[in-house]
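Thanks for coming. Please have the sequence and the model open.

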Amino acid sequence: MRRAGWPRRCARRRRNRCGARTQISTGNFGAQPIAEGADRPTPADRRRYFGMAIASLRETQHHLRQCREYELLDEHDYMRLAGLSAVTRRMLERLSDSRR
């Protein structure tokens, strides 16, 4: 017995398997917390915002891994993007530590 709307939901999942499309289209990359955190008056506020940016970057890294698993990214593109995200994460962690 099929539930109403099942084929449509299933097709939607196939088109957006790894969630990256939503992540990209809504602009949830972590740039906003970085910009907001840089101007905060207290170190605790800055660390909190930089922590949000790091969490957003981790989510993006997860989406990259999923896209690679579903073969939506070839190996070369995945390695390039994963490398850039790792460099960005180290920069964010250093920025967060330097603002204490």
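M91 sits in helix α5. This is a predicted model, so please take every value here as computed from it. Is M91 buried or exposed? Its relative accessibility is 52%, and because the cut-off for exposed is over 50%, M91 counts as exposed. Between the C-alpha atoms of M91 and I54 there are 9.8 Å, with 37 residues separating the two along the chain.

Now the helix itself. Helix α5 covers residues 75-98, which is 24 residues. From its first C-alpha to its last it reaches 34 Å, close to the 34 Å expected at 1.5 Å a residue. While M91 is exposed, the buried residues in α5 include Y78, S85, L92 and S96.

Next, the partner helix. Helix α4 spans residues 43-69, and Q61 is found there. T60 also has its place in α4. How does T60 score, buried or exposed? T60 has a relative accessible area of 16%, and since buried means under 20%, T60 is buried. For Q61 the relative accessible area is 12%, so Q61 is buried by that cut-off too.

What does Q61 touch, leaving out residues up to four places away in sequence? The answer is S85, A86 and R89. S85 is one of the buried residues of α5. The C-alpha atoms of S85 and T60 are 8.4 Å apart, at a spacing of 25 residues along the chain.

That brings me to the packing. Two packed helices are described by the angle between their axes and the distance between the axes. For α4 and α5, the angle is about 165 degrees and the axes are 10 Å apart. Angles over 145 degrees count as roughly antiparallel, and therefore α4 and α5 are roughly antiparallel to each other. The crossing of α4 past α5 is left-handed.

Which residues make the contact? On the α4 side they include R47, F50, I54, L57, Q61 and L64. On the α5 side they include Y78, L81, S85, A86, R89, L92 and S96. By class, the contact of α4 with α5 has 11 nonpolar, four polar and seven charged residues.

How values were computed:
Residues numbered from 1 in each chain as written. Predicted model: local features only at pLDDT ≥ 70, side-chain atom pairs only at ≥ 80, totals over all residues. Heavy atoms only, no water. Helix = DSSP H or I, 4+ residues; strand = E, 2+ residues; numbered from the N terminus. Buried < 20%, exposed > 50% of the residue type's maximum accessible area, 1.4 Å probe, protein only. Contact = heavy atoms within 4.5 Å. Expected span 1.5 Å × (residues − 1). Axes fitted to C-alpha atoms, helices over the stretch in contact; angles between N-to-C directions. Parallel < 35°, antiparallel > 145°, perpendicular 65-115°, else oblique. Left-handed = near helix turned anticlockwise from the far one by under 90°. Nonpolar A, V, L, I, M, F, W, Y, C, P; charged D, E, K, R; others polar.
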